[in-house]
Amino acid sequence: IYVNVFGGSKTVTKQQRQTDDIVQVDPENEPMDDDATIDGIKTNELSSSSSTPVPELSSHILQCHAGRVYTLATHRSSDGMLLIASGDNKAFLSKLSSSHNPESIELTHVFIDTVSTVEFASNGSLLAVGCYDGSILVYKTTPTLSLVTKLDGPTDVELVRFHPSNTVLLAGSSTNGTVWMYHIDTQWVLQMFVGHESGCGGDSCIADGGFNTYEKWVVTTGSYDTCRVWNAKNGAGKKQAFLHTCIRCSGE
């Protein structure tokens, strides 16, 4: 797998991963003839013109994974840290530089399922990794990459997010819709947020979440139609918003 570095971040949910390889084909569509035309131009001429090499514009190309890359995170540090995780059950920390051969270090933990979510602490000193095997790990990034703690909690971890203080971590499940809040140093579970309803597929999945600007509220979104706001101190639900209609539920 090649990772071309331009900037930004992207995470794909478990439901999206499960449909990655499904291609819907309309049986009424027939293959195009070799001499078929589009807007008066023969398709064989289009194919030949599209073979023109496209210039490479990325600053780095990382070749560290053997499976599909599902999530990554970046940090604005002097050495340009990049955390990449994949369906090959591995995660790598890469440090970018002016060199076109950045250093990539594999995380030492042995994952037995897809590494689904990654996150840097705001100051870049810590990183968190979540996996569908239930692993929730926190590593130090300096002076060398080393494991800080392994947390027990939900299975099928879809979400990890640091509190701005970098001492608290959220972890959310893609199967039961719960979000756990930990104190990293003590490994204590400070709160468990429960309340996302199941969709028509039977799972009350957490799609995303984090702390708000004032650091007093936790915001989570479900895979189906809701966004919830929680009191981080006592775990009480503050607000719920129905944002979208599940296409499968509506029959559309």
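This is a predicted model: local features need pLDDT of at least 70, side-chain atom pairs count only at pLDDT 80 or more; totals for chains, interfaces and linings use all residues.
Biologist: In which strand of the chain is confidence highest?
Modeller: The score in use is pLDDT, the predictor's confidence in each residue, from 0 to 100, and the chain averages 74, with 61% of the residues scoring at least 70. Helices (H or I, at least four residues) and strands (E, at least two) are DSSP runs numbered from the N terminus. Confidence is lowest in helix 3 (residues 247-250), at a mean of 39, while the highest mean, 96, belongs to strand 12 (residues 136-140).

Biologist: How many contacts beyond four places in sequence does the model have for residues 244-252?
Modeller: A contact means heavy atoms within 4.5 Å. Over residues 244-252 the pLDDT stays under 50, and the number of such contacts beyond four places in sequence is 10.

Biologist: Which residue forms a salt bridge with Glu 119?
Modeller: A salt bridge is a side-chain nitrogen of Lys or Arg within 4 Å of a carboxyl oxygen of Asp or Glu, and the structure holds two of them. In the one that involves Glu 119, the closest N and O atoms are 3.9 Å apart, and the partner is Arg 161. Because Glu 119 lies in strand 10 (residues 115-120) and its partner in strand 14 (residues 157-162), the pair ties together parts that are 42 residues apart in sequence, the partner being Arg 161.

Biologist: Is Asp 208, which forms a salt bridge with Arg 161, buried, exposed or partly exposed?
Modeller: Between Asp 208 and Arg 161 the closest N and O atoms are 2.8 Å apart. Buried means under 20% relative accessible area, exposed over 50% and partly exposed in between, using a 1.4 Å probe and protein chains only. Arg 161, at 17%, counts as buried, whereas Asp 208, at 34%, is partly exposed.

Biologist: How many disulfides does the structure hold?
Modeller: A disulfide is counted where a pair of cysteine sulfur atoms lies within 2.5 Å. Cys 131 is buried at 0% relative accessibility, and Cys 227 is buried at 16%. The number of disulfides in the structure is zero.

Key: Residues are numbered from 1 along each chain as its sequence is written. Side-chain values use heavy atoms; hydrogens and water are left out.
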